[in-house]
Amino acid sequence: MSEIAEHKWERFTFAERMARFTVFLGFALALSISIGTVEVIPEFLYDAPTQVADLLVRMWPLDFAYYPQGIHAAMLETLHIASLGTLLAVVMAIPVGILAANNIVRIPLLNWLAKLILVSSRSVNSLVWALLFVAIFGPGPLAGTVCIGFRSVGFVGKLFAEALEETSPGPIEALNAAGAPWASIFCKGYWPQVAPAFWGIFLFRWDINVRESAVIGLVGAGGVGMVLDTALNLFYWDRVSVILFSIFVVVILAELVVTTIRQRII
């Protein structure tokens, strides 16, 4: 009588267990090296709660009287930077996104160049773009607007290209068979399919840019960030708290506006 071998069920094979162990070991080593590199000073870490409590005491009460004369104009400038920068990004992102879409432009070199532009835009942080354009145009909202535009090209262009690549080929083939020119094919075949996604991308990026416009002013690119930087340098903590509160309120309102508009048009 032959014996039936018993099979023991295991969730992972030996090779899979070794691979998981190698990944976890790599993360542990990277974490250990990172902790050693940042040089955390224990005394500062232990003293952090006391410093935070002292800072909150200095920031209270909020100096709301400073808002009309020192914050309101800068906050409007921040919104203008975000809006104009987003429009600039859309103007630049539409042709680049079309070039990056494989189903529209069937030239690999142009696809590669367009995707390189999109990746380059996203790989550079907003503050780095701001520093670059402040050096070119000088401090002010112009540098901030161009910074927001160039930073947003990669985001808008990539999502727009992906939306174009996901379009249904049926209407495009019908227009081609009818002998329609390329402009008509794009406007009647591609655009109706990607318009909801495009407007969603536009609104989402504007919402992001409102927040980024408040930050880039810390390096001189205009907006409320410059007012915040001045208050921080002069240790006007009651004004700092008002500025931070104003930014928080504007960001929440922008989120509500974008959500409402998206629900109505998408």
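Visitor: Which residues line the largest cavity?
Guide: This is a predicted model, and the structure holds 1 cavity of 30 Å³ or more. The volume of the largest cavity is about 30 Å³. Its lining consists of Met75, Thr78, Val210, Ala214, Ile247, Val250 and Val251.

Visitor: Which element gives the most to the lining of the largest cavity?
Guide: The elements that give two or more residues to this lining are α3, α8 and α10. With 3 residues, the one that gives the most is α10.

Visitor: How do the residues of the lining of the largest cavity divide into nonpolar, polar and charged?
Guide: The lining includes Thr78 and Val210. Over the lining of the largest cavity, the division is 6 nonpolar, 1 polar and no charged.

Visitor: What volume does the largest pocket have?
Guide: Rolling a probe the size of a water molecule over the atoms shows where empty space is left. For the largest pocket, the volume comes to about 160 Å³.

Visitor: Which element gives the most to the lining of the largest pocket?
Guide: The lining is made of Asn103, Ile104, Arg106, Thr167, Ser168, Pro169, Ile172, Glu173, Asn176, Trp182, Ile185 and Tyr190. Two or more of these residues come from each of α7 (169-177) and α8 (182-216). With 4 residues, the element that gives the most is α7.

Visitor: How many residues of the lining of the largest pocket are charged?
Guide: Arg106 and Glu173 are among the lining residues, and Arg and Glu count as charged. The lining divides into 6 nonpolar and 4 polar residues, and the number of charged ones is 2.

Visitor: What distance separates the C-alpha atoms of Phe202 and Val90?
Guide: Phe202 is in helix α8. Its relative accessibility is 18%, and because this is under 20%, Phe202 counts as buried. Phe202 and Val90 are 112 residues apart along the chain, and their C-alpha atoms are separated by 7.5 Å.

Visitor: How far apart in space are Gln69 and Ile201, C-alpha to C-alpha?
Guide: Gln69 has its place in helix α3. Its relative accessibility is 65%, so Gln69 counts as exposed. Gln69 and Ile201 are 132 residues apart in sequence, and the distance in space, C-alpha to C-alpha, is 35 Å.

Visitor: How far apart in space are Leu56 and Thr86, C-alpha to C-alpha?
Guide: Leu56 belongs to helix α2. At 51% relative accessibility, Leu56 counts as exposed because the cut-off is over 50%. Leu56 and Thr86 are 30 residues apart in sequence, and their C-alpha to C-alpha distance is 35 Å.

Visitor: What span should helix α1 have at 1.5 Å a residue?
Guide: Helix α1 covers residues 14-38, which is 25 residues.

Visitor: Which residue with a positive phi follows α1?
Guide: The phi of this residue is near 55°. The residue that follows α1 is Glu39.

Visitor: Where is the cis peptide bond that involves Pro61?
Guide: Pro61 is found in the loop between α2 (42-59) and α3. Omega is about 0° for the bond, which joins Trp60 and Pro61.

Visitor: Is Phe235 buried or exposed?
Guide: Phe235 is found in the loop between α9 and α10. Although Phe235 is not a glycine, its phi is positive, about 60°. Its relative accessibility is 58%, which means that Phe235 counts as exposed.

Visitor: How many disulfides does a search of the whole structure find?
Guide: Cys147 has 0% relative accessibility and so counts as buried. Cys187, at 46% relative accessibility, therefore counts as partly exposed. Over the whole structure, the number of disulfides found is 0.

How values were computed: Residues numbered from 1 in each chain as written. Predicted model: local features only at pLDDT ≥ 70, side-chain atom pairs only at ≥ 80, totals over all residues. Heavy atoms only, no water. Expected span 1.5 Å × (residues − 1). 1 Å grid on protein atoms, 1.4 Å probe; cavity = no way out; pocket = protein on both sides within 12 Å on 5 of 7 lines; lining within 4 Å. Points joined across faces, edges and corners; volume = space filled by probe spheres on them. Disulfide = S-S within 2.5 Å. Buried < 20%, exposed > 50% of the residue type's maximum accessible area, 1.4 Å probe, protein only.
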